[in-house]
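Please open the structure in your viewer and keep the sequence beside it, as this tour moves from one selection to the next.

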Amino acid sequence: MFKSILVPIDLADTDLAKPAIATAATLSQTWSGAVRLLNVLPMTPVMLAEYVPADFDTQQRETSEEALSIVARESGIEPSRISTVVRQGGIYHEILEEAAAMKADLIVMTSHRPAMRTYFLGSNAGHVVRYAKCSVLVVRH
């Protein structure tokens, strides 16, 4: 049923992602599916571009790729069933784009309990749930 599972991860708070990774690991084992870990890097604001090194985006991407590979190794998912990808842009937009590109059957993501600001501003998880073309499982933290 779930052959292709996408798990977005915020590398600034990998503990928050652990429940989603564990859930994806169980589902991938049950359905013999593959898991892709995704990290989305924000765009460097134009006003900051002149203050950072010319290869800042490249350095950020390399650091994120290394960190994601560590998370993948520690996930308990067999290496042949897990992959990683780093994208750059708006968080929920890039999650939806990656889900479409890989033809994901399921997106598993962790979300904080809703706060008052979330009800007014929305959240990345809320946007993904609303606009994803596949099933979305939100694991509460």
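In which helix does Ser 64 lie? Select Ser 64 in this predicted model, and you will find that Ser 64 is part of helix α3, which covers residues 56-74. Because its relative accessibility is 8%, below the 20% cut-off, Ser 64 counts as buried. If you leave aside residues up to four places away in sequence, the residues that Ser 64 touches are Leu 11, Asn 39, Leu 41 and Val 86.

Next, select helix α1, residues 14-31. With 18 residues at 1.5 Å a residue, α1 should span 26 Å, and its end C-alpha atoms are 25 Å apart, which agrees. Look along the helix for a kink of about 25°, which is centred on Ala 20. Ala 20 is also one of the buried residues of α1, among them Leu 16, Ile 21 and Leu 27, and the elements that cover these buried residues include β1, β2, α3, β4 and β5. Just after α1, select Ser 32, where phi is positive at about 55°.

Now colour the largest nonpolar core, which has 22 residues, and in which Ile 5, Val 7, Ile 21 and Val 108 are among those with the most contacts. Two or more residues of this core come from each of β1, α1, β2, α3, β3 and β4, and α1 gives the largest share, six residues. Select Ile 21 to see its contacts beyond four places in sequence, which are with Val 7, Ile 9, Leu 37, Val 71 and Ser 75. Finally, turn to a second, separate core of 13 residues, including Leu 6, Leu 38, Val 128 and Cys 134.

Methods:
Residues are numbered from 1 along each chain as its sequence is written. This is a predicted model: local features need pLDDT of at least 70, side-chain atom pairs count only at pLDDT 80 or more; totals for chains, interfaces and linings use all residues. Side-chain values use heavy atoms; hydrogens and water are left out. Helices (H or I, at least four residues) and strands (E, at least two) are DSSP runs, numbered from the N terminus. Buried means under 20% relative accessible area, exposed over 50%, partly exposed in between (1.4 Å probe, protein chains only). Contact means heavy atoms within 4.5 Å. The expected span of a helix is 1.5 Å times one less than its number of residues. The bend at a residue is the angle between axes fitted to the seven residues ending there and the seven starting there. A nonpolar core is a set of buried Ala, Val, Leu, Ile, Met, Phe, Trp, Tyr and Cys residues joined through side-chain atoms within 4.5 Å.
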